[in-house]
Amino acid sequence: MTTKIGVIGMGHVGSTVAHALIVEGVAQDYVLIDTNTAKVKADALDFEDAMANLDHFANITVNDYAALGDADVIVSALGNIDLQNNTSDDRFAEFPFTSKAAKSVAEQIKASGFNGVIVVISNPVDVITSIYQKYSGLAKAQVIGTGTLLDSARMKRAVGQRLNLNPKSVFGYNLGEHGNSQFTAWSQVRVKGQSIEQLATDLGLDLDELSHESIVGGHTVFRGKLYTNYGVASAAVALVKVVLSDAKVELPVSNYYEPLNTYLSYPAVVGRQGILEQAKLTLTDAEEEKLALSAKYIKEKFEGFQAQQN
């Protein structure tokens, strides 16, 4: 049985995701969709030209929503990166575009009969993930945003650099919105079997500085080249592979958090059916307050969009 992946939005991120998936041979069939027909056709031909030099072969279909009906995973990378070039470094700058586009795309996905897992990259990712879930008609567990999977990696990179460690040896999460209201849950971060808070005291680490570095990491990359792609694409590809392999890995992704009645990033076990189970963190009172404030911000934005549709 073959595996099929759809990628919607073939800009900087979508094309990077598609390239990584094809090179790694993650699936055998791909459906690439973009409103820029010339661009997506060119990408498809470019990938086909690469096949003779790759270890894997892939069948590629272009701009056919009906072909998504039997897909296993759909990745949403639609967006308008030009809108992100603003002085506030606010991911909601893309919201007027992505909210309208996501609603339309979700309705077409629903019409195709798709019943797999949607992985959302499009910003602002928590609200856009909410929109996809509502208008696709899929269960909440089947619609996942990359969320702070990337921000947590940025935190691990920052901590690892300070301690001369591979970031894979840093364990912990950024939680909440994939945006300016997110925070690093330092009570959950462990390095070499020790609490990072204890290490910070012993080694004189500034945790506020490290948290800020992880939050603004994307803005730093954006200012250098006016887009980001490798970090978020790697997060999305990792998430897709966890779903397809039913790996049951705990990841800090955007998923529906019932206690606060919204999508936000909170660690959950991910497998073939999407979100299988949420972790149960023991956060500090201050961290719980930050999570609630982040949730409130996300909910208000989603409810505002909903009000405009009525």
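Welcome to a quick tour of a predicted model, in which local features need pLDDT of at least 70 and side-chain atom pairs count only at pLDDT 80 or more, while totals for chains, interfaces and linings use all residues. Residues are numbered from 1 along each chain as its sequence is written, and side-chain values use heavy atoms, with hydrogens and water left out.

**Terms for the pockets**

- A pocket is an open set of points on a 1 Å grid over the protein atoms alone, where a 1.4 Å probe fits and protein lies on both sides within 12 Å along at least five of seven lines; lining residues have an atom within 4 Å of a point.
- Grid points are joined across faces, edges and corners, and a volume is the space filled by probe spheres set on the points.
- Helices (H or I, at least four residues) and strands (E, at least two) are DSSP runs, numbered from the N terminus.

**Second largest pocket**

- Its lining has 20 residues, and those nearest the centre are Leu-149, Ser-152, Ala-153, Lys-156 and Lys-168.
- Two or more lining residues come from each of helix 5, strand 7 (170-171), helix 8 (230-244) and strand 12 (249-257).
- Helix 5 gives the largest share of this lining, seven residues.
- By class, the lining of the second largest pocket has 11 nonpolar residues (Ala, Val, Leu, Ile, Met, Phe, Trp, Tyr, Cys and Pro), five charged (Asp, Glu, Lys and Arg) and four polar (the others, Gly among them).

**Largest pocket**

- About 860 Å³ of space lies in the largest pocket.
- Here 39 residues form the lining, with Ala-77, Leu-78, Gly-79, Asn-80 and Glu-94 nearest the centre.
- Helix 1 (12-24), helix 3 (95-112), helix 5 (149-163) and helix 7 (207-225) are the elements that give two or more residues to this lining.
- The lining of the largest pocket divides into 17 polar, 16 nonpolar and six charged residues.

- The open sheet runs in the order 7-10-11 with antiparallel pairing, where two strands pair if DSSP finds at least two bridges between them.
- Strand 7 and strand 11 (194-195) are the edge strands, each pairing on one side only.
- Strand 10 (residues 190-191) pairs with strand 11 over two bridges, and Val-191 has Gln-194 as its bridge partner in strand 11.

**Ser-136**

- Ser-136 sits in helix 4 (residues 125-136).
- At a relative accessible area of 6%, Ser-136 is buried (under 20%, with exposed over 50% and partly exposed in between; 1.4 Å probe, protein chains only).
- The side chain of Ser-136 reaches the backbone oxygen of Tyr-132 at 2.7 Å.
- Leaving aside neighbours within four places in sequence, Ser-136 is in contact (heavy atoms within 4.5 Å) with Ala-106, Lys-110, Ile-118 and Val-143.

How values were computed
A polar contact is a pair of N or O atoms within 3.5 Å; within protein, one must be able to donate a hydrogen and the other to accept it, and residues adjacent in sequence count only if both atoms are side-chain atoms.
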